[in-house]
Amino acid sequence: MSAPGAPGAFRTAAAKALKDPELRANFRRAMDGLMTKRAAMFADPAEWRDLRALGATIRQRAIANLPELLERLEEKCTGNGVQVRWAETTEEANAVVLEILRRHGATRVVKGKSMVSEEMHLNDFLEKHGIESLESDLGEYIIQLDGETPSHIIMPAIHKNRQQIARLFGRKIREARYTEDVDELTRIARRVLRRKFFEAEAGISGVNFAVAETGTLCLVENEGNGRMSTHVPPVHIALMGIEKVVERLEDVPPLYSLLTRSATGQAITTYFNMITGPRGPGEKDGPREVHLVILDNGRSRIFSDRELSATLRCIRCGACMNHCPVYTRVGGHAYDAVYPGPIGKILTPQTEGLGRRHDLAHASSLCGACGEVCPVGIPIAELLVRLRREAVRGDRSSAVLGAGEARSRLESLAWAAWAAAHRSPSLYRLMGLAATRLSRLLPARLPVLSRWTSVRETPRPARRTLHELVEREGVDNA
Amino acid sequence: MPDAAREGILARLRAAPRSEAPAADFAVMARKAWPGPERYPRLKRLMEAVQTEFLETTGEDWPRAIRDFLKSEGLSTLLYGPDTAAGKRLAESWPPGAGPKLVPYDRPVEECKSRLFHEVDAGFTTTRGGIAETGGVILWPSPEEPRLLSLVPPVHLALLETDAIHDTFFEVLRSEDWAGAMPPNALLISGPSKTADIEQTLAYGVHGPKRLVVVAVRGES
């Protein structure tokens, strides 16, 4: 296996995943189910069109006013008694979380689902500092038990089937007897995690929407583990990327509706949890302290490019991966990135650098299904093409991290030759002649060409060029 | 370090070229409305589809309906907020002696956490109303009705006046001007706790309540 994130790693990992029938069946089944459920939710095309346009404009407005909204959010949160901290990097964010936990002497932490915490590799970091950080979302709990990372941003354990989970529980949970019954597996997890919620000295969560107008942190969930993590322990730490802010409270219902319908085909989740402050005067429960950590981690760089800043509109519904023919076949782990699938293909190269991750921008057939289902209208395919171009740029004018680092001498030379051939009539004719007369002699197994021809038919140019054909018809071609 | 991070992030954001913010058209949100009499049946149908149970009763009878339910389900303790009007009604009409017991949530969680987690069978809360579009009830936990009442006990009974069902979340949020008065915690709840994390198979009662029972008090409409 290639080193994580090494150039070309996706190709190797994808090839391996494609040969795993169990993995492919697990993804195929899940993605088919999710697509069907989503389609049923948006049966009215006019409503889908209007709601999506609204969602897109709300997110565009939020991104257009990002610095002002973040300041307003901070001011409102602070006024509500929520303590706000900022972090440029994941290292800084980890340090902030550790400092808060240490101040409270917390050694047992329960976590609700948070993709930002995955960016931070927070669990590993806390474990190294002697703090147990337990994932409580059932899917996250399952993969944490197995030492894995999420393969999907909404359904983190979707790569596993019930037999695999049954074996895992039997191996890792002392009180569990082997069962493949989903209700029974769920009951086992409930028993273990109830104890953990009871004991935890702090809870950590993500944020789905942060409302600047009111300083409200919105959390979307079905299990109740998010509420357990944010309401039971005496300290709650919420983690968000800078792009998670929305301007007004009334922006929330349309986004929430788009999110749940796109993600899992639900009209509404079991719980929509709006947290505006810690335990208030006279309240008998709720955390005594709420902290909000606002993380950049490369987002402000994305923000600085007018076209690419559309990446920041994302509300993390996962519909793009559910509909991606590449993702469905290779699964989430092949991307070796926190965010797999189409959104990851545009996000990861921008945050980790095109030099290391430009292969992700190529891990697409540009079929455009992702952009079609995106509830906030991110033109993912267009951005993929833009990133492919940025990766091989010859000048230094780009703000994209690692721009030009994927430029290869061979490829540049080939394109220079191509351009030259099209500028010179005689060279162009020669190229036409070579293609029509000689290409049949080309062996398909040639080193560079075989990467194409090993999985596709060898292109066979016609025997005569178009020029020759029209000339034969008596058209003056000069 | 944190202040430097704040300044650094904001400075970069301010320095970047800005895109135009398009105007948002909320008309699609306002299009969804149901005549008053259709709201409750709709809410009920949608919430039953995710295993919410309904006790249909009257303004007169609901405390007895709750008690009968607890008895028939073999639930022996009901946690409630004693200082709400509904809590007082419940306590006044609760007969002493044998049968299900009322347990007041009347002290900070630190003093009753073990009992809350291990000795309570059900929790009772009021609601601020419901949402017809998607199904769901609205809760604003308060000093009188703490947050964990609707979360930790295995069964959650939620009192809903069917007259207080709104068309949409968007509509209630606007008409009641939530933005001007957000409490520390506000919730929408549409059913018992559930998960589909194993093979997308629905399983109920994962971390929150295993059962949600809406005690529906029918209004005039």
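How many residues of chain A are in contact with chain B? The count is 81 residues of chain A against 66 residues of chain B, where contact means C-beta atoms, placed from the backbone, within 7 Å. This is a predicted model: local features need pLDDT of at least 70, side-chain atom pairs count only at pLDDT 80 or more, and totals for chains, interfaces and linings use all residues. Residues are numbered from 1 along each chain as its sequence is written, while chains are lettered from A and ligands numbered from 1 in the order written.

**Chain A with chain B**
- The side of chain A that touches chain B has 35 nonpolar, 24 polar and 22 charged residues. Nonpolar covers Ala, Val, Leu, Ile, Met, Phe, Trp, Tyr, Cys and Pro; charged covers Asp, Glu, Lys and Arg; the others, Gly among them, count as polar.

**Domains of chain A**
- Chain A splits into domain 1 (1-41 + 306-407), domain 2 (59-297) and domain 3 (419-472). Domain bounds come from an automatic or database domain assignment.
- The C-alpha centres of domain 1 and domain 2 of chain A are 24 Å apart.
- Between these domains of chain A, 28 residues of domain 1 are in contact with 27 of domain 2.
- The side of domain 1 of chain A that touches domain 2 of chain A comprises 17 nonpolar, 7 polar and 4 charged residues.

**Contacts of one valine**
- Val293(A) touches Arg85(A), Ala87(A), Ala93(A), Val96(A), Val97(A), Ile237(A) and Leu239(A), leaving aside residues up to four places away in sequence.

Technical notes:
Two residues are in contact if their C-beta atoms, placed from the backbone, lie within 7 Å.
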